[in-house]
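Dear colleague,

I am passing a structure on to you, and I would be glad if you looked through it before reading my notes, which follow below it.

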Amino acid sequence: MTTRADFTALVADDILPSRMPDVGLLRAYLAQGCRHGDPLCLSFGETWNQVPAGLLDHLHERPLYAHGYQLSMYGLPALRKVARDYIVTSHRLDGIAEAGRDFEVAATWTGTRGAMFDFGRYLLDELGSDGRTPIVVAAGPSWDYEGVFHSLGYQVRYLHLRPETGFRPLAEELQDVIDRIDSTPEERLAMVVVNAQHNPTAVNWRPEFVAAAVDTAHRHGAGLLVDDAYFGVHDPETAPTSALRVLLSRLATAPPNARRRWLAVRSLGKQFHCNGWGLGLMTAEPATLDLLVNRYRLHSSLMYGGIYQHAMADWLADPASAVFLAEQCAEYAAKRRLVDRLFHGKLNYPAGAVHTGSCTSYLLFALPQAYQEIPEGTVRFRDDTFARTGVLFAPAWPWPYAPTGSPMPYMRMYLGPGQDSLTEAVHRMVSAGIDWQMQA
């Protein structure tokens, strides 16, 4: 559990402090003496203190050369080799595509967000300018794609996911979004984002929908971004849909330009509780990957982080990493069941008001009825709950809020902390009178 001392070290900064809303709430709570106990932070997708011991052991086995600039913009060769095998095996690519011909793999040490940004720059150059506004299509609520691409000149349009359909994306509704773009003369479809283990709805998208999204991008000559942030985080009985496998399986019959206009990113920090290392993997057509790492990446980053890359290379090759992931997947499934029981049994939530999903490290729960009826209900509920309990949730649309996203009366709950912390969070809510029938 992250303690008040930990949070003090993380946020107690009076020199131009962060404007992030959660940081402001945490600073105020700490200043008031944490009257409800240590903060229970169930908003950030971060635990700060649960990195696997085995991974840390490999961190201590660092060679001296790991401290200097690395000499490959693709990442440490040892990590690239094991990462390529890891991608092929985990996505079941044997017989589907050939490494070195159809795709290649590189490491990213500045997070997958930076790789997405570079892909956005590459795609603008690849597509050329015709005076129309390039449009990115993503499913919402979503991660902050708007923050990545808006500054490059893109606009983001959302396929809105709805509780009535279990937050599952529907191909016909995706087509409706595309049709609206096609009917707007000053816009053009430039990119489709596929996040098959969807953050924050925790829905594992069906392969058929992923195929429809891939085909849509191909028909329009648009780029494809496969965001596999949570591919390795799912319930044991869930077979995660590999959007990368679907994409590669359809390239043989795709237009020639489609074979270079795609990027798949995969977070390693999300799987192994080491987000601060900034390590992830990039998979793309070899010539495209060459441009991304040797031209676009070089504009903003040299090659560093050898200590972390070396440790991750050893960890991925260590059978203990697979054991850790299997145990973590089982633990997330248990926590989904626990929260579902507690919300229904202790907080009087009705059937259907808690959406547990089956992947990622999140679930969604509906706002209490009184908060659904007021403006900015999600923000009010977050602030009121934290003030009365020290439990911090996040709106379904995470910070910074998407300016073109539609409000949704749901909260996002991070399941990374242990079952004891999740149980305590609900017990604090019960003691404070926070439940389905509460008044705003």
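In what order do the seven strands of the open sheet lie? Please keep in mind that this is a predicted model, in which the order runs β2-β8-β7-β6-β5-β3-β4, with mixed pairing. The edges of this sheet are formed by β2, covering 104-108, and by β4, covering 155-160, each of which pairs on one side only. If direction is ignored, neighbouring strands of the sheet are turned by 25° against each other on average.

Within that order, β5 (residues 187-194) and β6 (residues 223-227) are paired in the parallel sense, over four bridges. In this part of the sheet, Val-193 stands opposite Leu-225, which belongs to β6.

The other topic is the cysteines. A disulfide is a covalent bond between the sulfur atoms of two cysteines. A search of the whole structure turned up zero disulfides. Cys-41, for its part, is in no disulfide, and the nearest cysteine sulfur, which is that of Cys-34, is 12 Å away. Cys-41 is also buried, since its relative accessible area is 7%, and the cut-off for that word is under 20%.

With kind regards

Note on methods:
Residues numbered from 1 in each chain as written. Predicted model: local features only at pLDDT ≥ 70, side-chain atom pairs only at ≥ 80, totals over all residues. Heavy atoms only, no water. Disulfide = S-S within 2.5 Å. Buried < 20%, exposed > 50% of the residue type's maximum accessible area, 1.4 Å probe, protein only. Pairing = 2+ DSSP bridges. Helix = DSSP H or I, 4+ residues; strand = E, 2+ residues; numbered from the N terminus. Axes fitted to C-alpha atoms, helices over the stretch in contact; angles between N-to-C directions.
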